[in-house]
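Have the sequence and the 3D view ready.

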Amino acid sequence: MVHINSGIAGLVGCLLVGKRIGFGKELMPPHSLVMNMIGGALLWVGWFGFNAGSNLEASGGAVLAMTNSFVATAAAALAWIVIEWMIKGKPSMLA
């Protein structure tokens with residue numbers, strides 16, 4: 001229910017605001033690479049708390065959830081590095 005509501009609200013907000021000026025015509029890098037990395041790190045740490053903490057006890061299930069969160073993140077980062085290396089010739093922290 002919460003996810004559907006926030007998704008619809010985001011869609012309506014996008015329709016009301018419209019496209020960004022210059023979208024698709026000029027490069028739009030993020031404002032701050034440091035803030036981008038901080039946001040990604042906070043999201044990553046939050047997923048550890050959410051996935052492992054959802055078990056409500058320190059048991060094998062919590063350890064498995066934490067391990068899966070770590071391995072999945074590492075695999076995704078490695079895959080993205082390889083893809084960006086093949087396409088752009090070098091990986092970046094922005095990816």
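**An aromatic cluster**

Trp 44, Phe 48 and Phe 70 form one aromatic cluster. The model is a predicted one. A search of the whole structure finds three aromatic pairs. One of them joins Trp 44 and Phe 48. Their ring centres are 5.0 Å apart, and their planes meet at 75 degrees. Planes over 60 degrees apart count as edge-to-face, so this pair is edge-to-face.

Where do Trp 44 and Phe 48 lie? Both are in helix H2, which covers residues 33–53. Four residues separate them, about one turn of the helix. Is Phe 48 buried or exposed? Phe 48 has a relative accessible area of 17%. Buried means under 20%, so Phe 48 is buried. Trp 44 has a relative accessible area of 36% and is partly exposed.

Now turn to Trp 44 and Phe 70. These two residues also form an aromatic pair. The distance is 6.2 Å centre to centre, with 45 degrees between the planes. The pair is tilted.

What does this second pair tie together? Trp 44 lies in helix H2, while Phe 70 lies in helix H3, residues 60–88. The pair therefore ties together parts that are 26 residues apart in sequence. Phe 70 is partly exposed, with a relative accessible area of 45%.

Terms used
Residues are numbered from 1 along each chain as its sequence is written. This is a predicted model: local features need pLDDT of at least 70, side-chain atom pairs count only at pLDDT 80 or more; totals for chains, interfaces and linings use all residues. Side-chain values use heavy atoms; hydrogens and water are left out. Rings of Phe, Tyr and Trp (its six-membered ring) pair if their centres lie within 6.5 Å; planes under 30 degrees apart count as stacked, over 60 as edge-to-face and the rest as tilted. Helices (H or I, at least four residues) and strands (E, at least two) are DSSP runs, numbered from the N terminus. Buried means under 20% relative accessible area, exposed over 50%, partly exposed in between (1.4 Å probe, protein chains only).
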